[in-house]
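Dear colleague,

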Amino acid sequence: MEPGDIARPGMVAPSRRRMLRLGGTGLIPWLSLPGLMRMRAEASTGAEPKAKSCIFLYLQGGPSTIDMWDLKPEAPAEIRGPYKPIATSVPGTMVGEHCHRSARIADKFTILRSHSHNDNGHTTGSHYVWTGQRAAFADGANSRVPVNEVYPSIGSVISRELGGRGGVPPYVNMPHPLTAGGPGFYGAEHAPFVIESDPVQPDFEVKDLKPDGSLPESRRRRRLELLGKIQPAIPLAGLPATLGTYQEKARELVSSPAARQAFDLSREKDSTRDAYGRTSLGQCSLLARRLVEAGCRFVGVDHGSWDTHFTCFPSLEKDLMPHADMAFSALVSDLADRGMLSETLVVMMGEMGRTPRINKQAGRDHWSMTQSVLLAGGGIPPGRVVGATDKTCSYPTSDPVGISDLLRTIFHLMGVDADKVYLTPLGRPVSIVSGGRVVEKLLAG
Amino acid sequence: MTNQRSRMPLLLAMALAHLLVTGARAEIAVFPSAIDLNGPESTVQVVVLRKGKDGRGADVTRAARFRIEGTAAPIARIDSTGLASPVSEGTATIVVGEGGEEARVPVRVSGVVKPVPVSFAGQVIPALSKAGCSSGGCHGKAEGQNGFKLSVFGFDPAADHRAIVAEGRGRRISHGDPRASLLLLKATAAVAHGGGRKIREDSWPYRLLVRWIAEGARTDSAEPFETARLVVDPPGLRVVPGEKRQLRVEAVMPDGSRRCVTSEAEFESNAPNIAGADSRGLMMAGSLPGEAAILARHMGAVAVCRVTLPGKESGFPRPPERNFIDTLTWNRLEELGIRPAGEADDAAFMRRAWLDTAGTLPSAREARAFLADKDPAKRARLADRILASPEYADYQAMLWADLLRVDRDALKAQGAVAMWRWLRSAFAANMPYDRFAREVVSARGSVAGDSPAGFLRVLDKPEVVARSVSQLFLGVRIECAQCHHHPSEKWGQDDYAALAGCFTGLGRKVMPDGSEALLSEAAKDINHPRTGKPVKARPPGGPPLEGDPLLRREEFAAWMTAPANPFFAKAAVNRVWARYFGRGLVDPVDDLRTTNPSANDELLEALARRFRESGHDLKALAKLVMMSRVYQSAPGAGGANFEGAAHRLLPAEVLLDAVCQATGVPEDFNGLPAGTRAIRLWDNRMPSYFLQVFGRPVRATVCSCERGDAPSISQALHLMNAPEINAKLRSAGGTAARLAKTGLSPDELADEIYLACLSRFPTEEERRAVAGLVGEGATARREGLEDALWAILNTREFICNH
């Protein structure tokens, strides 16, 4: 490494604002990021990225994948639960009976049955999944212990590394993002663009995207005209320059029909909206597809209520599983029909699975040692099952895949060098993903 | 013909050069004056300087010729970069020739025939560290790299020895054929190595590793020799753009002897675009004026060379000096050759002073009165008025509630309110800052009482308390030393454990009413994280705390706030400075260390002295800053050396209050009295999209970096389109509706809203543009004003302080 090119450990990391100043002029910072140091000269693979975008369906609370994608019909009743496995379009692959829509398109995605890690908490586990870093705080208390280093989420990393490729922000998270999905110490410039309302609501509208509806067009125009008159041209450097580029980008977003339409679900046919399911997860997934079409790089969808400790089966079979099954199968089919699946990686997972043994309250508890993860498109050869768990779905018996491995695989598919090193606010060099390896079995057809 | 003609000036120049050399024999100087090479892998960096006409020494080392005299076979060699290394034992002379001149330096080589065995911790680890093997991005990562893990910065020699010699089935070391050791094959990239070639076969580190393996690849029988003090020569340097200068680094042993470690040390610059250094310690100046600190590190010791690259501006008239801040700042800018900005007008000063000090936009009435005031002392009177305002206490309480982590989720509502009240009254009463800090650190009693007990209550371990208090009040970020020696400071793991020991006697108890209380219990010493041996409780750089173990926090607080404390007052004034200028004299604001020097040492010292002498009076300090001509500089020319005022985004709460005030419609906070301002919120979890999107901190850290200071697209969208803001603009009780009903002319209306939003009168153009929107009739007037207000709220001038 030559001196003079980049920041190094032990020295003061340039503040975000200074970084922006270095980031050049006239361009949105997310398009012109200053290169941070590259300690390893060679890129991770050098291969062409397969996925241009990623849709990350996050089943928050921990999906009961033993009832969905990895059934154990041979196990005792208190483990196998009430559901029967059904055949899928891939001979030999069985899934739970309440995932029959996905079963019909099992040739379009791959099931990873051996995802496993050892963080059994919700906030800590979510932090782990989204950032690849172990939480430095106790579960449920992420504000108790002061940490200087709050890590950026996968979406923020992708926003920073790949930038946008259209009129929409590179990273969108909806409907109610977790802290874990935030930018950490990357700061607001790589924060997700947050849609503060749920697309399943009939009056759904993206916050702040449209000017006051009651304002006549003439007044909107004269407001902007006046602003143009009283505001000096964007200067070349400094905070005002950065601020100015954001203001311009915001105006583009508001005035560009393409960007606005990307967020407008009402442009979809009713039958399409029905196919995804008139649920939060369904409509978010549909919106995610629209955003990816418009150039969004990473769409995170948070879907809650999977923490099924008590009397889990009624809610699983009436709501949770059908919602996930509909949304996932519709999204994958829709992407395939539009020829977008090969360039769009879809991942569906939570922070953990559920305990194999049904508890006394007829629920299942936290179990991070096993979880099935669904992956489709973006370079993942479809129609396969990777990894396996033991007779009771307690532990992986082959190809265990940890969080670092999974994140590394996602970054690999998107062409992000997961070994790239950046500095934390303490000046510590940290690579995008620490440890882990690309899961070759997921990539090999 | 052409050749002949061009040769003439050359000959002339040569003759002149000859005259110069013969005229003054001392034109070149060679360092060191004697070269002592002890040990087969030892090196000494020779530096040759030529004195120029201006008296500056220019580095001509790499242009000089070296030869060894005095023995038939040379006993040492010296390469073109001036690095001397041993060949065989004996004495000789190195003759340095440059520009027709010669200098002679004696050289002695010893310890080559029967060398002292290689020290693993003292030599092997530093060599691997310098080569980058144990860096945090490579084998020093927590999980190592490709199965080979070294401790980062080599903090754990025992583990490193195991990793090299025993792990990997022992294949990393080949005792029979040292050169065939995988360690060396990888390091030299003789076999495929992800990190590439890190060590060359013809280098001293390679010879060192070979010898170490040949000697049995042993670990040290005794503790490695004591860490030496490091000296960089020169410690300071003024350079011209593009200049290069070889630095020399010497380790000073406890017995006073010196050893050249230039080629063994690691170098880092904090501002490579001003001046950087390569791995050999060759300083290279860039083109950007300013100051850079080049850090040299060797075996846990650090030293700094401060390089000043002056700008071209010289001889500018010094602006007035209203107090010592100005004197010392103009001195510094003169040194740096950077021209200071002009003076801010009254309007800019007033808006800036209110927003920086009290987080509050002046009202239109206040602005009008201040601008019309003819009293020459009106700026001083304004400063007093702001400091006496209730908003001052509100705002300071808010900023400190961030740092002291007044988080409702962590403290519960009762505890958060209690702590906010304590903060609010402390700033209203201008509690001396030393007392403030003592009360925070030695707090005890109920979290629900008006006390700062909540701060320590939520920190769960002595280590967490220790590093939080240290960062907060001392500006010492000792967190690094939890796992390894601080890479750019003297702090090691023993310092970390010693500091943590100061906070071991912290007990917590649930009171009968369900609230929690802090107690003091007998403090205990904490074990060294690696050796497991207890480390005596001791603040960083301070004496062991040996008083009553029940009063250990008090003892720490007394040490911390004592006048002799080297950090406390500096850290405090630096924080205050940063609030007024957007960045500290030391930046980041809570990272004070020699390797992160301030932009103006003298000023930082002088401010700290004045602050101590004033009895740690925060308001007096704020007034001093506000009254300086430096603070009263014109906007827009901000820079790292405070040559002008910088633009800063208004904090979320301040901006929300400003929007409310400009539109004349207060924010409605759930459950709080109407008209409550955002800077007065004790509840950091109060739902507010506005505050969230503009970067209100969640108060998860004691780092002031947590408050978002970067703009985002969501912010821009919110100001443009948010229905909440549009409702304020249109409100029947809002500014637009109120002004529309007055008898003011369109021009007067323009004045009024400019004063309300920007504390200034509009320019002629602006007035015309706004007045043009305000038509005839009640509705047209109101709508025109709404639209004009909308436009002003969306200007960068409104969103920023400047």
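**What was found**

In the secondary structure of chain B there are 28 helices and 27 strands, and please bear in mind throughout that this is a predicted model. The C-alpha trace of chain B spans about 105 × 90 × 50 Å along its principal axes, and of the 802 residues in chain B, 53% are buried. If you take the contacts in chain B with a separation of 6 or more, 62% of them are between residues 24 or more positions apart.

**Two helices of chain B**

The crossing of α2(B) and α3(B) is left-handed. Where the two helices meet, α2(B) contributes F120(B), A121(B) and I125(B), while α3(B) contributes P157(B), D160(B) and H161(B); sorted by class, this contact has four nonpolar residues, one polar and one charged.

**A proline in a loop**

Further along chain B, you will find P588(B) in the loop between α17 (568-581) and α18 (601-613). Is P588(B) buried or exposed? A residue is buried if 20 or more other C-beta atoms lie within 10 Å of its own, and because P588(B) has 23 C-beta neighbours inside 10 Å, P588(B) counts as buried.

**A strand of chain A**

In chain A, please look at strand β4 (residues 109-115), which is mostly covered, as seven of its seven residues are buried. Which strands does β4(A) pair with? One partner is strand β11 (residues 371-376) of chain A, which runs antiparallel to β4(A) and is joined to β4(A) by five bridges; here F109(A) has A376(A) as its bridge partner. Another partner is strand β12 (residues 385-386) of chain A, which pairs with β4(A) in the parallel sense over two bridges, and in this pairing L112(A) stands opposite V386(A).

With best wishes

Key: Residues numbered from 1 in each chain as written. Chains lettered and ligands numbered in written order. Predicted model: local features only at pLDDT ≥ 70, side-chain atom pairs only at ≥ 80, totals over all residues. Helix = DSSP H or I, 4+ residues; strand = E, 2+ residues; numbered from the N terminus. Buried ≥ 20, exposed ≤ 12 C-beta atoms within 10 Å, placed from the backbone. Contact = placed C-beta atoms within 7 Å. Left-handed = near helix turned anticlockwise from the far one by under 90°. Nonpolar A, V, L, I, M, F, W, Y, C, P; charged D, E, K, R; others polar. Pairing = 2+ DSSP bridges.
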